[in-house]
Structure formats: structure tokens, C-alpha cells
Amino acid sequence: MAAETTLFLLRIAFLLLLYVFLVSVLVITWRDLTAVQKAPSGYRQEHVTGWLQVTNPGTTGFATGDVIPLRPVTAIGRDLSNDIVLADSFASAHHALLTYRQSRWWLEDLNSSNGTTVNGTLMKRPIPLDTGDIIGIGQALFKLN
């Protein structure tokens, strides 16, 4: 009879440990889910919106007026690995990089063969852009919106 009682108590203890484990998992999961929804104090997540509007497509394969949405980091060039692929022989494989940082768009030429222009001026270093700036890559022109 002592063996049966011991076995019964072990089963009860095992069930209690199992329930404690399951409740712990639920509590931890609930805390993680609610923590994701609450931003830390002082934290402001910016919703990045921006696009390029084609003003002169050149030989890129785009049409005048086409709108191209931008990601926070947008690579532009002829190579298929870019976010915006230009079918233009005057564009380099990895031509330029548009980056959203410090609450504005920045344009960087990636040592392209023919350079990148902003409002008709050849850029030498990464520069901040303003809405309405005209970006020239290869034979194409794009307006930042």
C-alpha cells in the first residue's frame, strides 16, 4: 500500500509541476506580446513614406508619371539585386542609394560611371534631399515626393 500511495503522490506532484510550467509559459508570452505593443518612453517610430515619380524615363523601362515607392534603404541601378532596377545602359549596376535617416531622405552615389545629379548638379558626396528635388540617374529623371 505504501508504494501505491507514493506513486499517487508522485503523479500529483508531476501534474502540479506541469501546470506551473504551462502557467509560466502563458505569463511570459503575455508579457512579451504586451511589451511589443508598448513603445519605450521617449521612443517615436517614424512611418517612412516616400516615392519617386518618373519625370523623364529615358530608356529605363518606366513611363513618364510612374510612381515608385521607396523603402527606408532603396538601392537603384541596373543589377537585378537593386530595389529599383533601371534598364538604362548609362546607369551603373549599383548606381545610387536612397536612405531615410535623420527624418529626411539622403542620396549617395555609389561610384557610378556617369555620376548622379540632383537638380542638374553632379553630386560628389551623400547629400540630404528635399521634396521636389529632381534626381538624375543615367538618362532618367525622378522627382522625390
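In which helix is the place of Phe21? In this predicted model, Phe21 belongs to helix α1, which covers residues 2–37. Phe21 has a relative accessibility of 51% and therefore counts as exposed, since the cut-off for that class is over 50%. The residue is also part of a nonpolar patch on the surface, together with Phe14, Leu15, Leu18, Tyr19, Leu22 and Val25. The accessible area of these residues together is about 700 Å².

Asp88 is found in the loop that runs between β4 (84–85) and β5 (96–101). Asp88 is buried but has no salt bridge. Arg78 provides the nearest side chain of opposite charge, at 7.4 Å; a salt bridge would require the charged atoms to lie within 4 Å. A polar atom of the Asp88 side chain does, however, lie 2.7 Å from the backbone nitrogen of Gln139. When neighbours within four places in sequence are left aside, the residues in contact with Asp88 are Thr59, Thr60, Arg78, Ile137, Gly138, Gln139 and Ala140.

A further loop, between β6 (104–109) and β7 (116–118), holds Asn111. Is Asn111 buried or exposed? Its relative accessible area is 77%, so Asn111 is exposed.

Key. Residues are numbered from 1 along each chain as its sequence is written. This is a predicted model: local features need pLDDT of at least 70, side-chain atom pairs count only at pLDDT 80 or more; totals for chains, interfaces and linings use all residues. Side-chain values use heavy atoms; hydrogens and water are left out. Helices (H or I, at least four residues) and strands (E, at least two) are DSSP runs, numbered from the N terminus. Buried means under 20% relative accessible area, exposed over 50%, partly exposed in between (1.4 Å probe, protein chains only). Lys and Arg count as positive and Asp and Glu as negative; His and the chain ends are not counted. A polar contact is a pair of N or O atoms within 3.5 Å; within protein, one must be able to donate a hydrogen and the other to accept it, and residues adjacent in sequence count only if both atoms are side-chain atoms. Contact means heavy atoms within 4.5 Å. Patches are made of residues with over 30% relative accessible area and no salt bridge: like charges are joined within 9 Å, nonpolar side chains (Val, Leu, Ile, Met, Phe, Trp, Tyr) within 5 Å. Accessible areas come from the Shrake-Rupley method with a 1.4 Å probe; for residues, only the protein chains shown count as cover.
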